[in-house]
Structures are given as structure tokens and as C-alpha cells.
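Let us go through this model by question and answer.

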Amino acid sequence: MASHLFAVAMVVLMTNLGFWQLRRLDDRRADNAQIAAAMSQDPSDIAAYLDTRGLPPEHTSVAARGAYLAGAEVRIGNRSSGGQPGFWLATPLELADGRAVAVVRGWVPRRSVVGLDDRSPEPPAGEVTVVGLAFDSVDGGRIAETGAGETPEISRMDLDRFAEVSGVDVEGVWIRLRAQSPPQSEGLPEPVPDPDLTEGPHLSYAFQWFFFSAGAVVVYALILRRTVTGRQETPGTT
């Protein structure tokens, strides 16, 4: 009796795990649809958005016009591209009304720090127009140790830490650059790709759990059949 209950419990558990993966797939698809819609909409002016609607949802397409504060740049460490180590380069953009928004202008290879890549990542001087995606501040950022005169570095886009090391009070949203006018003159920083809106492994995991569940039923049925057959073939005793 106990073995029957155990087998039933395992089949129920694995079946539920399969349906759980299907629910996660539905959630992933819904999130992807929301992100795709936010990224594809016409860019909203970030200053007007902040004034009238507050902080934009993540992945909202936004635009901003102002001047980069090149002397207040910050590195966002441990960001790789194509297998190469590097960092994001984030620069405050001062808007016409004096407010500033942090802009992640793109990825820079770590080798450029030691002079092995002579392309300049300096931002354009004067007024620029940027278009990108809005993101919330990420908590838990840590300040890295850097040498005297080096660009400060933090571990993630924690806007409190960004303001601390850059000395610029920025708004509570940052922009990941997609397009800029005028463009970078020497190809650095390299644009950070948009998120890959894949569905993940949830569907294949669901099939696996359903397969395991069906397999458990078949195997246990064979075991029971063999057990019953063995009992029938065993001579009775008097």
C-alpha cells in the first residue's frame, strides 16, 4: 500500500512540476510582450515624462537632449562582450533645466584602460540627443578600488552609488543608449544589445516532467504486472 501511495505522489508531483513550468512560460511570454511593446513605442521625452508621470516603467523608450558631463563618467564593472572583459561607461547628461540623467553609453573593452585599444570613448561635446531604454536603479552597488586619477567604478547601476562617485545628483532613472546624435566618432563605447526576448527552457522542462510522469506510470505498472505474475506462478502451500 505504501508503495502505491509513493508512486501516486511522485506522479502527481512531476505532473504539477510540468504545469508549473507551463505557467512560467506563460508569464515569460507576457513579460516579453510587455517589454517588446515598451521598446517599440515612440520615444517619450524623459524630462516631460518625469514631470507628468513620474519614473517610467523599465524598457520604456525615452529620449533626452542635453550635454554630457564627461568629467563625471563612471565605469560599471564586470561587463563582457563577445567573451572579452570590459565595462559599461555611464555618463551624466545635463538637461536644459539643469537636471541630470545617467546614460549608459555602451560597452568598452578592459584592454583600453592599459592602452591596447586606442579608440577614444569620449562623448561628443556640446548638445546631443539620445534615445534609449529607461531602467530603474539597481540596489546593492559596490564601489571598486581604483587608482588615483582613474575613472571611478561601481559594480552595478545603483544610482545612489553613481551619484556618490560622480558627484552629480541624477534622477531616479537611467537610460541605456540605443541611438545618439551626433554619433560616437570612433566606435566606442559599443552599444549594449537589446535584451534577448527568448522563451527560455520552460517548455522543454515541462515536456521532461510530463515524460518522467508518464514513464513512472509505465514502469510502476510493469513492476506490478511482474509481481502479480510471479505470485500466480508460485506454487501454493498447504
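Q: Is Leu-13 buried, exposed or partly exposed?
A: This is a predicted model: local features need pLDDT of at least 70, side-chain atom pairs count only at pLDDT 80 or more, and totals for chains, interfaces and linings use all residues. Residues are numbered from 1 along each chain as its sequence is written, and side-chain values use heavy atoms, with hydrogens and water left out. Buried means under 20% relative accessible area, exposed over 50%, and partly exposed in between (1.4 Å probe, protein chains only). The relative accessible area of Leu-13 is 44%, so Leu-13 is partly exposed.

Q: Which helix holds Leu-13?
A: Helices (H or I, at least four residues) and strands (E, at least two) are DSSP runs, numbered from the N terminus. By that assignment, Leu-13 belongs to helix H1.

Q: What is the area of the nonpolar surface patch made by Phe-6, Met-10 and Leu-13?
A: Patches take residues with over 30% relative accessible area and no salt bridge; like charges are joined within 9 Å, nonpolar side chains (Val, Leu, Ile, Met, Phe, Trp, Tyr) within 5 Å. Areas come from the Shrake-Rupley method with a 1.4 Å probe; for residues, only the protein chains shown count as cover. For Phe-6, Met-10 and Leu-13 the patch comes to about 290 Å².

Q: What span should helix H1 have, at 1.5 Å a residue?
A: The expected span is 1.5 Å times one less than the number of residues. H1 runs over residues 2-40, which makes 39 residues.

Q: Which residues of H1 are buried?
A: An α-helix has 3.6 residues a turn, so residues three or four places apart point the same way. In H1, the buried residues are Ala-7, Val-11, Met-14, Gly-18, Gln-21, Leu-25, Asn-32, Ile-35, Ala-38 and Met-39.

Q: Are the rings of Trp-88 and Trp-174 stacked, edge-to-face or tilted?
A: Rings of Phe, Tyr and Trp (its six-membered ring) pair if their centres lie within 6.5 Å; planes under 30 degrees apart count as stacked, over 60 as edge-to-face and the rest as tilted. The whole structure has five aromatic pairs. In the pair of Trp-88 and Trp-174, the centres are 6.2 Å apart and the planes stand at 45°, so the pair is tilted.

Q: How many residues apart are Trp-88 and Trp-174?
A: Both residues are buried. Trp-88 sits in strand E4 (residues 86-95) and Trp-174 in strand E8 (residues 173-181). The pair links distant parts of the chain, 86 residues apart.

Q: Which residue forms one aromatic cluster with Trp-88 and Trp-174?
A: The cluster includes Trp-88 and Trp-174.

Q: Which residue has its charged end over the ring of Trp-88?
A: A charge sits over a ring if NZ of Lys or CZ of Arg is within 6 Å of the ring centre and within 35 degrees of the ring normal. Arg-75 lies over the face of Phe-87, at 5.0 Å from the ring centre. Over Trp-88, 4.7 Å from the ring centre, sits the charged end of Arg-79.

Q: How many residues apart are Arg-29 and Glu-199?
A: A salt bridge is a side-chain nitrogen of Lys or Arg within 4 Å of a carboxyl oxygen of Asp or Glu. Arg-29 and Glu-199 form one at 3.0 Å, N to O. This pair joins helix H1 to the loop between E8 and helix H4 (202-233), 170 residues apart.

Q: Which residue forms a salt bridge with Arg-176?
A: Arg-176 is buried, with a relative accessible area of 6%. Its closest N to O distance in the bridge is 2.8 Å. The partner is Asp-194.

Q: How far apart are the closest N and O atoms of Arg-178 and Asp-194?
A: Arg-178 is partly exposed, at 35% relative accessible area. Asp-194 is also partly exposed, at 33%. Their salt bridge has its closest N and O atoms at 2.7 Å.
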